[in-house]
Amino acid sequence: MANGLGSFGNEGSIGRTTKTAPMLLRVMVLFVMALLGIYTCIVRLKQFAGQLTEVSPVTVQVVERPCESINIKPSEKMYLHFPKPRAFSRDECACNPVRYFAILSTQRSGSGWFETLLNSHPNITSNGEIFSVKPRRSNVSTIFATLDQVYNLDMRTSASKNECTAAVGLKWMVNQGLMQHHEEIAEYFKKRGVSVIFLFRRNLLRRMISILANTYDHDVKPLNGTHKSHVHSTHEAEVLASFKPAINTATLINDLKQVDQLVLNSLQYFNGTRHIILYYEDIVKNRNKLVDIQDFLKVPHRELTSQQVKIHKGPVSSQIDNWDEVKNALQGTQYERFLLQDY
């Protein structure tokens, strides 16, 4: 009985051992599989991190919305521009349209005074006689490059305004490369939407006096050794006006005809552009002409002022050394009216 019981007890122990072994094996297999899973995850994470470092950064391109002209007649749109200067940003005025202009004139016709009037307007920039520098007008290419610089607001002069300029241009004497390349320049003006302001002088005799006096001042320099084409005080004006030039009457008529023809050619060559014709004498006598020019440039009306002082005043007879000879030369000709006209 005892042996039977003992045999029965050993068989139960063996049965329990047999059942435990598969369970341990399963646990070990699960443990190994867990380790493999963790290892695989670590390897994949490292690979993914490496891929992230190799990916190029995403470039976000900001597309600027083009500026638009609102409530503008179709015929006017070609004269509205939105320049993007390289030297500075127009900031909040980037979409404020800018009009291009060019003042075409002859020396000693009041263009310097007229330009100071324009520049007294807070929204107008006229950059002066930039083609007096010969390299800028050496050929058509340099002329166009200079004009592009002006109209892109990259020509920085003492007259340059802030980023809210509404009209930008220059003063251009017709004998500074303009007539030699008039066809190309007229086409440039029309394609780029440049408006032309013609400014001439009616009394060509007074213009001649001014040229001769300016030449004298350039050579003699009576104002403390300084040449001044324009003055800002009555005293300076009186000093320069004290010189009375002698005019060559032998060539006088021919000289006046040449200037007349130069003006006529200018008007003819650039007649196809949007333009306005002004005369110095008309502006002096009627300041409403300054309202006309502001309307032409489409800028708000402002009171335009200048610090320049007129040099030659009074009757023309008091300004010429050989007045009697000049009078006799012009009487009975188409230029006799110059003997009496003011300004």
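**Figure 1. Phe 198 and Phe 200 in the predicted model.** Phe 198 and Phe 200 are both buried, where buried means under 20% relative accessible area, exposed over 50% and partly exposed in between (1.4 Å probe, protein chains only). The model is predicted: local features need pLDDT of at least 70, side-chain atom pairs count only at pLDDT 80 or more, and totals for chains, interfaces and linings use all residues. Residues are numbered from 1 along each chain as its sequence is written, and side-chain values use heavy atoms, with hydrogens and water left out.

**Figure 2. Aromatic pairs.** Rings of Phe, Tyr and Trp (its six-membered ring) pair if their centres lie within 6.5 Å; planes under 30 degrees apart count as stacked, over 60 as edge-to-face and the rest as tilted. The count by this rule is 10 aromatic pairs. In one of them, Trp 113 and Tyr 280 are edge-to-face, with 5.6 Å centre to centre and 85 degrees between the planes. This pair links distant parts of the chain, 167 residues apart: Trp 113 is in helix H2 (residues 111-119) and Tyr 280 in helix H8 (residues 280-285). Helices (H or I, at least four residues) and strands (E, at least two) are DSSP runs, numbered from the N terminus. Trp 113 counts as buried because its relative accessibility is 16%, and Tyr 280 is buried at 9% relative accessible area. Phe 198 and Phe 200 form a stacked pair, 6.0 Å centre to centre with 25 degrees between the planes.

**Figure 3. An aromatic cluster and two charges over rings.** One aromatic cluster is formed by Phe 131, Phe 144, Trp 172, Tyr 188, Phe 189 and Phe 270. A charge sits over a ring if NZ of Lys or CZ of Arg is within 6 Å of the ring centre and within 35 degrees of the ring normal. Arg 202 lies over the face of Tyr 279, 4.0 Å from the ring centre. For Arg 274, which lies over the face of Phe 296, the distance from the ring centre is 4.1 Å.

**Figure 4. Surroundings of Ile 209.** Helix H5 (residues 204-220) contains Ile 209, which counts as buried because its relative accessibility is 0%. Apart from neighbours within four places in sequence, Ile 209 is in contact (heavy atoms within 4.5 Å) with Pro 245, Ile 247, His 312, Val 316, Gln 319 and Ile 320. Ile 247 is 38 residues from Ile 209 along the chain, and their C-alpha atoms are separated by 8.0 Å.

**Figure 5. Disulfide of Cys 67 and Cys 95.** The structure holds 2 disulfides, a disulfide being a pair of cysteine sulfur atoms within 2.5 Å. The sulfur atoms of Cys 67 and Cys 95 are 2.1 Å apart. This disulfide is left-handed because the torsion about its S-S bond is about -70 degrees. Both cysteines lie in the loop between helix H1 (2-54) and strand E1 (99-105), so the pair ties together parts that are 28 residues apart in sequence. Cys 67 is partly exposed at 26% relative accessible area, and Cys 95 is partly exposed at 39%.

**Figure 6. Disulfide of Cys 93 and Cys 164.** Cys 93 is joined to Cys 164 by a disulfide with an S to S distance of 1.7 Å. The link is right-handed, with 50 degrees about the S-S bond. It connects distant parts of the chain, 71 residues apart: Cys 93 is in the loop between H1 and E1, and Cys 164 in the loop between helix H3 (140-151) and strand E3 (167-173). Cys 93 and Cys 164 are both buried.
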